[in-house]
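Me: I'm new to this one. Please walk me through how to read it, feature by feature.

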Amino acid sequence: MPLPAHSLFNDLLHAHLVPAVLDCLPRSSTLQDITRYTEALRTFRLHGFGAAGTRAVLANIGIGTCPREFFFRAQSALKDTKEVGRVGGYLEYSLFQQSHSSAPPWHGSISCGSGADSTVNDKHVLSHLLPTPLHFEAELVDRSVCAEFKLCSRLLQEAQQAKILSVDELGACQIHGHVYLFTTSVPCASCTGVLSQLRALLPLVTISVDFSSTRVGMPSHANQRQE
Ligand SMILES: [Zn+2]
């Protein structure tokens with residue numbers, strides 16, 4: 001009996017695509033890591049991994065899905081940013097420096113749309129996170145204007161200003177807490193790489209990411225749960 005198409009797709013995804021992407025995903029913003037990822041994406045001829053592929057890659061680097069109630073807060077925050085061609089992004093954070101600290105966590109939220117308005121150009125932040133150039137024809141798009149990159153870099157910029165971003169010699173910041181991120185589109189390959197860099201920079205923080213594969217409505221995994 002032939003395998004159902006979705007079963008074959010999942011087998012190929014987990015047997016080939018995910019291991020290949022994990023092998024080249026940037027763990028830092030070093031030129032070596034970014035160049036290696038750029039070359040691999042050019043070889044794969046990929047600009048992204050689709051909803052299922054991106055979900056699988058993120059799960060393999062310890063980035064899960066957000067609590068359901070977060071999605072409704074994200075929808076509320078993004079209701080004014082539904083412009084044609086723009087991807088909306090919303091991020092919430094709650095971070096603290098030591099697990100036994102009695103100080104209240106540093107928390108807040110950031111929302112933005114993709115595009116070249118008010119991008120972060122803080123050199124210290126950009127030393128921790130870098131987008132990856134994608135190959136033709138997507139190479140003409142500046143990936144630092146993606147909503148995911150803007151949210152993550154603004155988070156680090158604000159953490160830097162709050163003096164909570166202290167990076168050790170191994171390139172990691174030993175803070176705790178959580179970061180939840182939602183975007184109205186599937187992250188591109190560059191942004192998947194940025195999330196991998198954020199994962200490595202904040203190893204003790206729970207990082208959760210949801211995205212809609214339809215630009216509106218529930219995140220893809222929530223749609224699956226409803227079926
Ligand atoms: Zn992107």
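Me: Let's start with one residue. How many C-beta neighbours does G48 have inside 10 Å, and what does it count as?

Reply: The idea is to count neighbours: 20 or more means buried, 12 or fewer means exposed, and anything between is partly exposed. G48 has 18 C-beta neighbours inside 10 Å, so it counts as partly exposed. Keep in mind that this is a predicted model.

Me: Where does G48 sit, and what does it touch?

Reply: Look in the loop between α2 (31–44) and α3 (50–60). Skipping residues up to four places away in sequence, G48 touches T54, V186, C188 and A189. Take A189: it is 141 residues away along the chain, but the C-alpha atoms of G48 and A189 are separated by 4.3 Å.

Me: Now the helices. How do I describe a packed pair, say α6 and α7?

Reply: Two packed helices are described by the angle between their axes and the distance between the axes. Here, the axes of α6 (residues 147–161) and α7 (residues 189–201) come within 9 Å and cross at roughly 20°. Angles under 35 degrees count as roughly parallel, so α6 is roughly parallel to α7. Their crossing is left-handed.

Me: Which residues meet there?

Reply: From α6 you get E148, F149 and C152, and from α7 C191, V194, L195 and L198. Sorted by class, this contact has six nonpolar residues, one charged and no polar. On spacing, an α-helix has 3.6 residues a turn, so residues three or four places apart point the same way.

Me: C152 is in that contact. Where else does C152 turn up?

Reply: In the largest nonpolar core. That core has 50 residues, and L91, C152, V179 and L198 touch the most other members. Elements supplying at least two residues each include α2, α3, β1 (88–96), β3 (176–183) and α7. The largest share, seven residues, comes from α7. Leaving aside neighbours within four places in sequence, C152 is in contact with L129, V194 and L198.

Me: And the whole chain: how many helices and strands are there?

Reply: Eight helices and four strands. From the N terminus on, the order is α-α-α-α-β-β-α-α-β-α-β-α. Of its 227 residues, 37% are buried. Among contacts with a separation of 6 or more, 79% join residues 24 or more positions apart.

Terms used:
Residues numbered from 1 in each chain as written. Predicted model: local features only at pLDDT ≥ 70, side-chain atom pairs only at ≥ 80, totals over all residues. Axes fitted to C-alpha atoms, helices over the stretch in contact; angles between N-to-C directions. Parallel < 35°, antiparallel > 145°, perpendicular 65-115°, else oblique. Left-handed = near helix turned anticlockwise from the far one by under 90°. Contact = placed C-beta atoms within 7 Å. Nonpolar A, V, L, I, M, F, W, Y, C, P; charged D, E, K, R; others polar. Core = buried A, V, L, I, M, F, W, Y, C linked by C-beta atoms within 7 Å.
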